[in-house]
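I opened my notebook to look up a few local details. Here is the structure I worked from.

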Amino acid sequence: MRSQGTRLAVAAAAAAGAVSLAACSGSASGGAASSSGKPIYGGTLRVVANGGPDHLDTVQSYIISDYVLERAYARQLVSYQTVPLTSTSGPAWQKAIGVVPDIATEVPSKANGGISASGLVYTFHIRPGVDWDSTPARQVTADDFIRQFKAFCNPVAPVGNVLYFDDTVSGFKSYCAAETAHFGAKHAPAATAASISAFQNSHTISGMSAPSPRTLRIRLSQPASDFLNIMAMPFASARPAEYDAYVPDSAQFRQHMLSDGPYRVSGYVPNKSLVMTRNPAWKQSTDHVRHQYVSKIVVTMGTRSAQTALSDMQAGTQDLALDIPMAATSIPALQSTHDQRLHIWPGSNTSYYTVFNFQSPDAGHAMSKLPVRQAIEYAIDKSDLQKVMGGAQLNKIISTAIPPGNAGYQPYDLYPTPGNNGNPAKCKSLLASAGYPHGLTLTDLYSNDSVSTNVFESIQASLAKCGIALKGRPENGSSFFADLGDAPQNSKPNQWDLGQPSWYPDWYGNDGRSVLVPLFQTNCVVNTANVGCFSSATVDSLIARALRAPTSAAAAPLWHQVDLAVMKSAAFAPVLDTYIPQYASSRVHSAGIGTANFNINLTGPDITNVWLNPNHP
């Protein structure tokens, strides 16, 4: 599945130290915003990047670095606010994961009439005065959101995760099937802007309508307690009519973008630079989640070294880093000097985990045997892996399928070991019961970057203690994710038995659809996120019930049952909840960054809530 595979690739690379959002913290001097304590307006925010944005079109964008930039120029009906946050529990966390109005005048609910009694119809009212920076400026309308949904199944660059909408919006799946059939696989590459827009403008999605220019109505195929979270994703941004003139996310598209946010893209040179300037059509009175503090945002691409990026931020020649993670080796020195420009965001993800290939015919199809998988659960020295990934301040050991801070999470451990150091004796006993009294040899597929290699070596040493010889199959990032998710290939001998991916949810809180569904629901197809092809009728049934639950509170106990069923089956071995270290220059003011500026959808800071410290030019 292209969508989840893309997100999986980026998330895993982020934890591995290859691609990540690395951005913010407080001022080293802790200086004041101004004598009155109010934000400062003006200046240029300088952002250093490796490759820069993957996409500028919000339809295809499915990585965090794209989301950071889109926050400035693309708005949704509902969104998330920036809040002070230091942990994944308590009132602050609940506020961070809660959906708030963006372009919508209010969040639909049954109480305000925005959600029907059946839970199937959502009505969004669009805030007046939200304008495109067109000539002349004009109001964003309900049709702009319908246009975006129609663009999801375009034949050239489709939406990052189509399943979220296939499974919820009535008529969406049949609309996509019709568009796919119309263009066909052979003709899709030759599709033009005119042919794409002609199809989309002559067909409808039965579940979406615009009773008035500022009213959008969406009918669901079944109740979905997380539908507002889906609508808060950047996928669901507004799309102006002008985009019909361009092939989605093409070079021409990127030079003719419009904005309904506080900034607009005023210059873009692929792999070199992106410049955003203030959008004159944006009004603060219409936007309660963003600001327009700095005058300009300049993203400079081409820096590959994490140390170079850090040195530039320490020197003040760059302010934030976009897609260059901090090296774990840099963090202890920064912590020892109490460098206030370093901030560590709380996590709520599963990184790394060990996945088992249920199709692998190697070693007598050992991975299909529950005692073998349980033996590996007991064998892994999670404490050592915690050290490999930077220590306890950057990683929390976990033992559940649902990360902390989310609906259905309850702390428990079906495979406990003393001090989380592994239990070789228990591992050996289970292997013997499965028919391997003298151990066995397995193949581990992992990304060949330095951190992932260290993770593999730690697991290899753990398993060796109980007689499992783990052969490494290192690959570069792109082929690693392709081979990990290529289901037909995985059923052949000598491919892989174990793998080390990671998973970051698309949202938090009631996020079973974003975690448990892609990883554990039966879905053994090419590029699936369920890379090991785990299949359980019990798990599938519980997932179906949880997805139909009318509220998050009703879904939570069902998601917990899914969690228990997954772990009883030893479907995978969760290891760490990895936090995110980020850094900022002294020019970035502490009140506009650091703990006061965490945005859950960005897994970090919001560049529209940043201002620059006047004490540091």
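These entries cover the disulfides, then one threonine.

**Entry 1: disulfides.** I worked on a predicted model. I searched the whole structure and found 3 disulfides. Counting bonded cysteines along the chain, I noted the pattern 1-2, 3-4, 5-6.

**Entry 2: Cys153 and Cys176.** I found these two joined, S to S 1.7 Å. Cys153 sits in the loop between α4 (142-151) and α5, while Cys176 belongs to helix α6. They are 23 residues apart. I read 65° about the S-S bond, a right-handed link. Both Cys153 and Cys176 are buried.

**Entry 3: Cys427 and Cys466.** Here the S to S distance is 2.2 Å. Cys427 is in helix α15 and Cys466 is in the loop between α16 and β17, so the bond ties together parts 39 residues apart in sequence. I noted 45° about the S-S bond, again right-handed. Both Cys427 and Cys466 are buried.

**Entry 4: Cys524 and Cys533.** Their sulfur atoms are 1.9 Å apart. The torsion is about 75°, so I wrote down right-handed. Are the two cysteines buried or exposed? Cys524 has 37% relative accessibility, so it counts as partly exposed. Cys533 has 12%, so it is buried.

**Entry 5: Thr168.** I located Thr168 in the loop between α5 (163-166) and α6 (172-187). Its relative accessibility is 0%, so I logged Thr168 as buried. A polar atom of its side chain lies 2.6 Å from the backbone oxygen of Tyr164. What does Thr168 contact, leaving aside neighbours within four places in sequence? I listed several residues, including Arg219, Leu220, Phe227 and Arg513.

Note on methods. Residues are numbered from 1 along each chain as its sequence is written. This is a predicted model: local features need pLDDT of at least 70, side-chain atom pairs count only at pLDDT 80 or more; totals for chains, interfaces and linings use all residues. Side-chain values use heavy atoms; hydrogens and water are left out. Helices (H or I, at least four residues) and strands (E, at least two) are DSSP runs, numbered from the N terminus. Buried means under 20% relative accessible area, exposed over 50%, partly exposed in between (1.4 Å probe, protein chains only). A polar contact is a pair of N or O atoms within 3.5 Å; within protein, one must be able to donate a hydrogen and the other to accept it, and residues adjacent in sequence count only if both atoms are side-chain atoms. Contact means heavy atoms within 4.5 Å. A disulfide is a pair of cysteine sulfur atoms within 2.5 Å.
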